[in-house]
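This report walks through one protein chain for a reader who has not seen it before. Please keep the sequence and the 3D view at hand while reading.

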Amino acid sequence: MSVFATSLRREWGRLRASPWDWAMVSWVPLLTLALMCWIFSAGQPYRLPIAVWSEDHSALSRQLVRMLQATPGLEVRQTVLNQGEAADALLRMEVYGVVHIPPDFETHVKQGRGGAVTLLHNAQLATASSLLQRDLKQVVGTLSAGVEMQTAAKRGSPHQVLQVQMEPIKTQLVALFNVSTNYEQFLAAALVPALIHILAMTAGAWSVGRELRERTLGGWLSPGGRSAGMASAAAALLGKLLLPALLLWGCGMAALLYLAQLRGWTIAGSTGWIAVGLAALVAVSLTAGAALSGITLSLRMALSGTGLLSAPAFAFSGVGFPLLAMTDSARGWALAMPYTHYARLQIEQWQMGAPVVQTLPVVAGLLLAALVLLALASAGLLRGLGRPEKWGGR
């Protein structure tokens, strides 16, 4: 306990003496999380700009343009006259898509030959592209059904029969969670712990690697020339990492509570269990960063490893891309990442209201991983203690 307390006081003094180090575990994470929450505060993308290239200029084409403008997800920002203007608007990113209405559109529809409305879009912008396709299909489907019902009504078909003929088989979609498909609810809440994971790994690597860079490893682990063992190294490491752990965990919980309390995304399960899971994630992240510094005995290598392991964690978590659709190797890498398991815990507790016992193995696994990484970091630091020629490197 004396080694732990001494290391804790020493780390507190170093943080107070270095405004930049203090900022990286206090107000910088808060500012980053606030910026991320602000980005997704709109919830859903509305009024995506599109252009219309109409070569028909008929009553039916004008009705289609009015329906596109009335759709909440779309905004007719431009009217282009030819293919060159349409391509230029897309290349300049002035619009996300161009709706092309061909010549004789109304004539072909009235003659029963059908008409094709074309959407020119950049599928590289996956979110905007999918939203444009969805809204355009709804508008064209509504317009097409209206034209068909008017034609059938003129032939004397009853209204009830027309409804069945237009849609003989119906699809019923039932959204169990995130009914409004709001990006703030599922994406912003998932990105908060992802950012904390990156910052915590960086803080762990920096806190330990700084002792190597500044040649103070001996003064930290064996003050006064005392011999250091595995237990004392682990205690010193815990004392060093406690303050960053508390600060980063507090930043993460503040952001999650902001989303839950002030933004109205009520947590269906246990808020306390989410807090416990986030604490376990922070512990794993900090000890992983410390282990990288202890094993490599290089701050530069540790920070590089931190970026390699933590930055892609969100992409492999299954939130952005389905986990079950990944290749076996990619899914194996994803399951090896601690954030993947925490993301599952948070989604099950926040949106699904799952029993705590269902995610108990996740917390137990994260804590076990933190203990293993703590042991690896301690062993690496003891090895580095006997190799002073490694001190002072970047």
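## Confidence

The model is predicted. The mean pLDDT of the chain is 89, and 92% of the residues reach 70 or more. Confidence is highest in H12, at 96. It is lowest in helix H8 (residues 159-166), where the mean is 55.

## The largest pocket

The largest pocket holds about 390 Å³ of space. Its lining is made up of 18 residues. Val 284, Ala 288, Ala 336, Pro 338 and Leu 373 are the ones that lie nearest the centre of this pocket. Two or more lining residues each come from helix H9 (183-213), H12, helix H15 (338-352) and H16. H16 gives the largest share, with 6 residues. By class, 15 residues of the pocket lining are nonpolar and 3 are polar, while no charged residue takes part.

## The cavities

How many cavities of 30 Å³ or more does a search of the whole structure find? The search finds 4. The largest cavity has a volume of about 40 Å³. Gln 185, Phe 186, Ala 189, Ala 190, Gln 346, Ile 347, Trp 350 and Gln 351 form the lining of this cavity. H9 and H15 are the elements that give two or more residues to that lining. The lining of the largest cavity divides into 5 nonpolar and 3 polar residues, with no charged ones.

## Cysteines

The structure has 0 disulfides. Cys 37 is in no disulfide, and the nearest cysteine sulfur, which belongs to Cys 251, is 12 Å away. For comparison, a disulfide needs the two sulfur atoms within 2.5 Å. Cys 37 counts as buried because its relative accessibility is 5%. Cys 251 is buried too, with a relative accessible area of 5%.

## Accessibility of selected residues

The table lists residues that are taken up again in the sections after it.

| Residue | Relative accessible area | Class |
|---|---|---|
| Ser 298 | 11% | buried |
| Arg 47 | 29% | partly exposed |
| Asp 104 | 44% | partly exposed |
| Val 372 | 45% | partly exposed |
| His 57 | 59% | exposed |

Val 372 has its place in helix H16 (residues 356-385). In sequence, Val 372 and Ala 291 are 81 residues apart. In space, their C-alpha atoms are 9.6 Å apart.

Ser 298 sits in the loop between helix H12 (271-296) and helix H13 (299-310). The side chain of Ser 298 reaches the backbone nitrogen of Met 301 at a distance of 3.2 Å. Is Ser 298 buried or exposed? Ser 298 counts as buried because its relative accessibility is 11%, and the cut-off for buried is under 20%.

His 57 is found in the loop between strand E1 (48-54) and helix H4 (59-70). A polar atom of the His 57 side chain lies 3.3 Å from the backbone oxygen of Ser 54. His 57 counts as exposed because its relative accessible area is 59%, and exposed means over 50%. Along the chain, His 57 and Asp 104 are 47 residues apart, while 8.7 Å separates their C-alpha atoms.

Asp 104 belongs to the loop between strand E3 (97-101) and helix H6 (105-110). Its phi is positive, at about 55 degrees, although Asp 104 is not a glycine. A relative accessible area of 44% makes Asp 104 partly exposed.

Arg 47 is placed in the loop between helix H3 (27-39) and E1. The phi of Arg 47 is near 55 degrees, which is a positive value in a residue other than glycine. At 29% relative accessibility, Arg 47 is partly exposed.

Definitions and conventions
Residues are numbered from 1 along each chain as its sequence is written. This is a predicted model: local features need pLDDT of at least 70, side-chain atom pairs count only at pLDDT 80 or more; totals for chains, interfaces and linings use all residues. Side-chain values use heavy atoms; hydrogens and water are left out. Buried means under 20% relative accessible area, exposed over 50%, partly exposed in between (1.4 Å probe, protein chains only). Helices (H or I, at least four residues) and strands (E, at least two) are DSSP runs, numbered from the N terminus. A polar contact is a pair of N or O atoms within 3.5 Å; within protein, one must be able to donate a hydrogen and the other to accept it, and residues adjacent in sequence count only if both atoms are side-chain atoms. On a 1 Å grid over the protein atoms alone, a cavity is a set of points where a 1.4 Å probe fits but cannot get out, and a pocket is an open set with protein on both sides within 12 Å along at least five of seven lines; lining residues have an atom within 4 Å of a point. Grid points are joined across faces, edges and corners, and a volume is the space filled by probe spheres set on the points. Ala, Val, Leu, Ile, Met, Phe, Trp, Tyr, Cys and Pro count as nonpolar, Asp, Glu, Lys and Arg as charged, and the others, Gly among them, as polar. pLDDT is the predictor's confidence in each residue, from 0 to 100.
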